[in-house]
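Welcome! Take a moment to look over the sequence and the model, and then let us walk through some of the details together.

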Amino acid sequence: MSLANRNLVTIDNISNGEIEALFSVADEMADSINEQSGLCQGKIMANLFFEPSTRTRLSFEAAMLRLGGRVITAVDIGATSLAKGESIADMAKVVGSYADIIVIRHPWEGAAKVVADYAGVPVINAGDGSHEHPTQTLCDLYTLRKERQTIKNLRIALWGDLKHGRTVHSLIYALARFGATILFYPGPGLEIPEHVLKRLSTEYKGELQRCGALNQELKGSVFPVDAIYMTPSSPHQLTMLPDVNIQVELEAGVDALYVTRLQKERQSPTAEQQELKKNYPVVDKKLLTGKEFKKTLVMHPLPRVDELAYEVDADPRSMYFKQAAYGVPVRMALLALLLGAKDVAIPKADDSFARKVDYPVYKRDSGVKCLNRNCVSNQETETKYIKPEFKIVSFDPLTLRCIYCEHELEPQYIASSEWHQGKLENKKYHSANSHWVRKIKPENLIIFPSEKEAQAHQFKPSACNRQ
Ligand code: CP
């Protein structure tokens, strides 16, 4: 299998074996960074950065220039025709006719997928809202592999804004896939979204533990009262005793502490934001004296604000500037592979920590919509051509996952399209919790967000829905 002409929109677009292969190319690039200028000669990369960036944008540019290619750039939506109301799809088609590869950062979740759907050239997601940032995850995994040789069975603590941090969302799935144990340490009010946790428990073979009551010793330590963590599939001896279990994890030491800043650009500037800022957890020298951090790599995707003290920079455990520097060889490898300028054998990797699930797809012009206001499918300029589309990830309860932003919703009402046919009296809607959810074939399923909407489409309540 080759990586040529592929997209990297989410970390799930690249397998464990392909990541290993990419890292071997990145090693080559790092070893002879000045000798790669023949690889992408004549190729053009379009760098579309519609949110601020230092590392991702400049390391992509440096990577393409090191490979001998050229770069065209747009960095401000206001200076592009998007500001005149052009859709992302039209922009993607046009830019795809100017460049051989597109790198896009955009504030809307799912925007990179739309670009990939329409550009006709490989597209790399450089961050779409709070959704994902897969190339940052490649840099993070590369750093872990360089320092610890393997990711399997490492204990990685994720720290800070786990709600809005796109880097952690991509990283979580990758760590789970490689068999790491993940410990979540969110700032108050910044917990990992439920849809991410749900996905961890259904698609990855680990055990998700929620520890409601930690013992006294642990309450004062790094972990909050409501700790959550996930262990890979190998059975844990103490699995029935979660608070003892997390103690065992901590006593074994944390291999990496992945610190993230408060994503203030994803929140409205309210008193609540001041509160989040005031209570945001800080990593400093004192915290790192804890015995669980003796050999901990301190990581951060950067930029940092107040959550990581400058005094840690001189500590040999600090990894964040190395992580940023690895951005160039890792992105050189990615560009060379997606442009087909480099071929690499894909090693057989351990994929046993993830479950491959082929979910049925739900797509209709009207009815249920994604509830995430920041999803690309809900933006006025895009609704003219984007139809809501979901994966049906569960029938009990009925759960849909938006194919753009991957947020989930549990709609309450369903009907079957088979009943339309000339028999108005048969147009009935049902509760999504009834047996009908399994009886109606997925291709005939109509899902409504409310009874009002079902009735607006001339459906009548079935017996179980009548008051
Ligand atoms: N890590 C990261 O995405 O940094 P930038 O926002 O500076 O690109």
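This is a predicted model: local features need pLDDT of at least 70, side-chain atom pairs count only at pLDDT 80 or more; totals for chains, interfaces and linings use all residues.

**Around the ligand**

Which residues are around the ligand? They are Ser-53, Thr-54, Arg-55, Thr-56, Arg-105, His-133, Gln-136, Pro-301 and Leu-302. Sorted by class, this shell has 5 polar, 2 charged and 2 nonpolar residues.

| Residue | Part of the residue | Distance from its N or O atom to a ligand oxygen atom |
|---|---|---|
| Thr-54 | backbone | 2.8 Å |
| His-133 | side chain | 2.9 Å |
| Arg-55 | side chain | 3.0 Å |

How much of the ligand does the protein bury? Taken alone, the ligand exposes 250 Å², and the protein buries 91% of that.

**Two pairs of helices**

Next come the helices. Two packed helices are described by the angle between their axes and by the distance between those axes.

Where helix 3 passes helix 4, the crossing is right-handed.

Another pair is made of helix 5 (residues 134–148) and helix 6 (residues 166–177), whose axes cross at roughly 55° and come within 8 Å. Helix 5 and helix 6 are therefore oblique to each other. What is the handedness of the crossing of helix 5 and helix 6? This crossing is right-handed.

**Backbone details to look for**

Most peptide bonds are trans, and most residues other than glycine have a negative phi.

Leu-302, one of the residues around the ligand, is joined to Pro-303 by a cis peptide bond with omega of about 5°. You will find Pro-303 in the loop between strand 10 (297–299) and helix 11 (320–325).

Further along, the peptide bond from Asp-396 to Pro-397 is cis as well, with omega near 0°. Pro-397 belongs to the loop between strand 12 (389–395) and strand 13 (398–402).

Finally, look at Asn-5, which is not a glycine but has a positive phi of about 65°. Asn-5 sits in the segment before helix 1 (16–31).

Key
Residues are numbered from 1 along each chain as its sequence is written. Side-chain values use heavy atoms; hydrogens and water are left out. A residue is near a molecule or strand if one of its heavy atoms lies within 4 Å of it. A polar contact is a pair of N or O atoms within 3.5 Å; within protein, one must be able to donate a hydrogen and the other to accept it, and residues adjacent in sequence count only if both atoms are side-chain atoms. Accessible areas come from the Shrake-Rupley method with a 1.4 Å probe; for residues, only the protein chains shown count as cover. Ala, Val, Leu, Ile, Met, Phe, Trp, Tyr, Cys and Pro count as nonpolar, Asp, Glu, Lys and Arg as charged, and the others, Gly among them, as polar. A crossing is left-handed if the near helix is turned anticlockwise from the far one by less than a right angle, and right-handed if clockwise. Helices (H or I, at least four residues) and strands (E, at least two) are DSSP runs, numbered from the N terminus. Axes are lines fitted to C-alpha atoms, for helices over the stretch in contact, and angles run from 0 to 180 degrees between N-to-C directions. Angles under 35 degrees count as roughly parallel, over 145 as roughly antiparallel, 65 to 115 as roughly perpendicular and the rest as oblique.
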